[in-house]
Structure formats: C-alpha cells, structure tokens
Amino acid sequence: MDKNRWLYLVGALMYVDLTALVILGLLLKFVIPTGARALGSPPAFLGLSRHGWADIHGTLGILFVGLTVVHLVLNWNWVVQSSKRYFQDKWAKALLVLSGVWVPVLFVGWIASRP
C-alpha cells in the first residue's frame with residue numbers, strides 16, 4: 001500500500017477509535033452508576049458491568065496512542081518541514097521542546113486527578 005492509503009486508513013481508524021472513546025466516556029460518566037448500585041439503575045449496560053466497559057475504554061485509549069504514533073511517523077516529513085518554516089534555524093530545538101512538553105503536562109494532570 002502506498003503512503004496515502006496508509007494515511008487514510010490510520011486517519012479513519014483514529015476517527016472511529018476516538019468516537020468510541022467519547023461515547024464510552026459519556027456512557028461511563030452518565031449511564032452506568034458508580035460505587036454502590038443507584039436506586040433503579042441497572043448494574044450493567046448491554047450485559048457488561050462498569051468495569052467491563054472501562055476495560056474496553058482503556059484498550060481503545062491505548063490503541064489511539066498507538067495510532068497517533070503511526071500517524072506521526074507517516075507525517076514526520078511534514079512535521080520537520082513545518083518546524084523549519086516556523087522556527088527557521090532553531091527548528092530542531094523547538095521540535096525537541098514541543099515533543100517534551102507533554103511529559104510534565106501529563107504528570108501534573110495525573111497528580112491533579114488523584115484523590
């Protein structure tokens with residue numbers, strides 16, 4: 001398969017995966033009760049418990065990260081060329097900084113989300 005077909009396939013899979021992640025996230029947040037069973041609420045949705053749906057949600061999240069890496073690899077020349085255009089001589093340093101910024105952001109988000 002040529003590069004454009006791979007880009008189309010990866011983009012389509014990312015769209016389907018992200019859509020499923022959003023739907024499952026909303027399902028987990030608003031449809032399936034947390035903790036003790038809420039009065040009148042079903043203990044499961046479509047035959048799966050909250051934990052079952054959360055496992056699927058987590059697996060889809062890992063798949064999305066993998067698809068994102070493949071997407072970046074397929075578009076790496078565009079990333080480098082755009083970095084050169086926007087940052088001129090300091091493009092490599094800017095790309096390194098932009099690549100490393102997500103680590104502290106994830107760490108702060110993880111710390112903030114802990115009970």
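**Reading the helices of a predicted model**

User: What do the buried residues of H3 pack against?

Analyst: The buried residues of H3 pack against H2 and helix H4 (91-100). Packing is judged by contact, meaning heavy atoms within 4.5 Å. Helices (H or I, at least four residues) and strands (E, at least two) are DSSP runs, numbered from the N terminus. Before we go on: this is a predicted model, where local features need pLDDT of at least 70 and side-chain atom pairs count only at pLDDT 80 or more, while totals for chains, interfaces and linings use all residues. Residues are numbered from 1 along each chain as its sequence is written, and side-chain values use heavy atoms, with hydrogens and water left out.

User: Okay, which residues of H3 are buried?

Analyst: Buried means under 20% relative accessible area, exposed over 50%, and partly exposed in between (1.4 Å probe, protein chains only). In H3, the buried ones are Val79, Val80, Ser82 and Ser83. They sit on the same side of H3, because they cover an arc of only 165 degrees around the axis. That arc is taken from the directions from the helix axis to the C-beta atoms. On the other side of H3 you'll find Asn77, Trp78 and Arg85, which are exposed.

User: Why do residues three or four places apart point the same way?

Analyst: An α-helix has 3.6 residues a turn, so residues three or four places apart point the same way.

User: Is Ser83 buried or exposed, and what does Ser83 touch?

Analyst: Ser83 is buried, with a relative accessible area of 6%. Leaving out residues up to four places away in sequence, Ser83 touches Gln88, Trp91 and Leu95. Gln88 follows H3 and has a positive phi, near 45 degrees.

User: How do I check a helix's length, say H1?

Analyst: Take 1.5 Å times one less than the number of residues: that's the expected span. The 29 residues of H1 should span 42 Å, and the end C-alpha atoms are 41 Å apart, which agrees. For H3 (residues 76-87), 12 residues should span 16 Å, and the ends are 16 Å apart, so that agrees too.

User: What does H1 pack against?

Analyst: The buried residues of H1 pack against strand S1 (44-45) and helix H2 (50-74). Those buried residues are Val10, Met14, Asp17, Leu21, Leu24, Leu27 and Leu28.

User: And where is Val22?

Analyst: Val22 lies in helix H1 (residues 3-31). Val22 is partly exposed, with a relative accessible area of 46%.
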